[in-house]
Amino acid sequence: MRIRAVTRDELPLLTELERAAGAPFAAIGMPEIAEDEPPAPEELAHFLEHGVALAAEAPDGAIAAYLLAEPVDGALHIEQVSVHPDHARRGIGRALIDHLARTTEAPALTLTTFAEVPWNAPYYARCGFRPLTTAELTPGLREIRHREAEHGLDRWPRLCMRRDLRP
């Protein structure tokens with residue numbers, strides 16, 4: 001599996017991959033997440049210019065997964081990790097996260113996620129992330145959580161998590 005930067009021409013592919021990656025939410029009683037329209041390529045371009053956009057290539061050269069991140073309050077905040085269901089459960093998401101951890105100068109990675117979805121918070125805990133208390137939330141993370149709540153994501157328990165990279 002090769003990890004590399006996403007190109008501008010590949011942004012529409014990320015939108016399609018996100019649709020496929022969201023489908024399993026329907027099977028666990030979260031059809032609104034499965035049916036949620038992914039960000040348009042124009043929105044994803046933000047990460048090419050102001051953050052990180054990584055792709056994991058399958059052996060055939062297709063994008064099997066992607067990761068988007070941007071700086072938030074001194075950490076690198078992972079906005080999205082999506083793995084196509086055809087490539088799930090092979091360590092690709094972890095490989096993207098670990099690649100980001102090795103290549104960033106940020107002292108930590110953060111993310112927000114669903115607390116009770118098996119491939120969300122429990123998975124990220126296995127990847128070295130820990131839940132943050134309300135008192136530990138930075139202003140930027142509070143703003144992200146506010147936007148998520150406005151989008152309706154607080155219908156299900158959510159939390160912020162952090163993986164420290166340096167002591």
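**Core, rings, loops and pocket in a predicted model**

Reader: Which residues have the most contacts inside the largest nonpolar core?

Author: In this predicted model, the largest nonpolar core has 25 residues, and those with the most contacts inside it are Leu67, Ile78, Ile97, Leu100, Leu109, Tyr124 and Phe129. Strand 2 (52-57), strand 3, strand 4, helix 4, strand 5 (108-114), helix 5 (121-126) and strand 7 (158-164) each supply at least two residues of this core, and helix 4 gives the most, with five residues.

Reader: Why is leucine 100 called buried?

Author: Its relative accessibility is 2%, and the term buried is used under 20%, so leucine 100 counts as buried.

Reader: What makes the pair of tyrosine 124 and phenylalanine 129 edge-to-face?

Author: A search of the whole structure finds five aromatic pairs. In the pair of tyrosine 124 and phenylalanine 129, the distance is 5.9 Å centre to centre, with 75° between the planes.

Reader: Which residues do ring pairs link into a cluster, and what lies over the face of phenylalanine 114?

Author: Phe25, Phe114, Trp119 and Trp156 are linked into a cluster by ring pairs. Arginine 158 lies over the face of phenylalanine 114, at 4.4 Å from the ring centre; the distance limit for a charge over a ring is 6 Å, so the value of 4.4 Å falls within it.

Reader: Why does aspartate 73 count as partly exposed, and what is its phi?

Author: The relative accessibility of aspartate 73 is 44%, which lies between the limits of 20% and 50%, so the residue counts as partly exposed. Aspartate 73 has a positive phi of about 55°, although it is not a glycine, and it is found in the loop between strand 3 (63-72) and strand 4 (75-83).

Reader: How do you know that arginine 89 is exposed?

Author: Its relative accessible area is 86%, and exposed means over 50%, so arginine 89 is exposed. Arginine 89, too, has a positive phi, of about 65°, although it is not a glycine, and its place is in the loop between strand 4 and helix 4 (92-103).

Reader: Is arginine 4 buried or exposed, and what makes it so?

Author: Arginine 4 has a relative accessible area of 14%, which is under the 20% limit, and therefore it is buried. Arginine 4 lies in strand 1 (residues 2-5), and it is 58 residues from alanine 62 in sequence and 12 Å from it in space, C-alpha to C-alpha.

Reader: Why is glycine 51 called partly exposed?

Author: At 31% relative accessibility, glycine 51 falls between 20% and 50%, so it counts as partly exposed. Glycine 51 is found in the loop between helix 3 (41-50) and strand 2; in space it is 4.1 Å from glutamate 70, C-alpha to C-alpha, while the two are 19 residues apart in sequence.

Reader: What is the volume of the largest pocket, and which residues are the closest to its centre?

Author: The largest pocket has a volume of about 1,600 Å³, and of the 50 residues that line it, the closest to its centre are Glu18, Glu79, Gln80, Val81 and Ser82. Strand 4 provides the largest share of the lining, seven residues, and the lining residues divide into 25 nonpolar, 11 polar and 14 charged.

How values were computed
Residues are numbered from 1 along each chain as its sequence is written. This is a predicted model: local features need pLDDT of at least 70, side-chain atom pairs count only at pLDDT 80 or more; totals for chains, interfaces and linings use all residues. Side-chain values use heavy atoms; hydrogens and water are left out. Rings of Phe, Tyr and Trp (its six-membered ring) pair if their centres lie within 6.5 Å; planes under 30 degrees apart count as stacked, over 60 as edge-to-face and the rest as tilted. A charge sits over a ring if NZ of Lys or CZ of Arg is within 6 Å of the ring centre and within 35 degrees of the ring normal. Helices (H or I, at least four residues) and strands (E, at least two) are DSSP runs, numbered from the N terminus. Buried means under 20% relative accessible area, exposed over 50%, partly exposed in between (1.4 Å probe, protein chains only). On a 1 Å grid over the protein atoms alone, a cavity is a set of points where a 1.4 Å probe fits but cannot get out, and a pocket is an open set with protein on both sides within 12 Å along at least five of seven lines; lining residues have an atom within 4 Å of a point. Grid points are joined across faces, edges and corners, and a volume is the space filled by probe spheres set on the points. Ala, Val, Leu, Ile, Met, Phe, Trp, Tyr, Cys and Pro count as nonpolar, Asp, Glu, Lys and Arg as charged, and the others, Gly among them, as polar. A nonpolar core is a set of buried Ala, Val, Leu, Ile, Met, Phe, Trp, Tyr and Cys residues joined through side-chain atoms within 4.5 Å.
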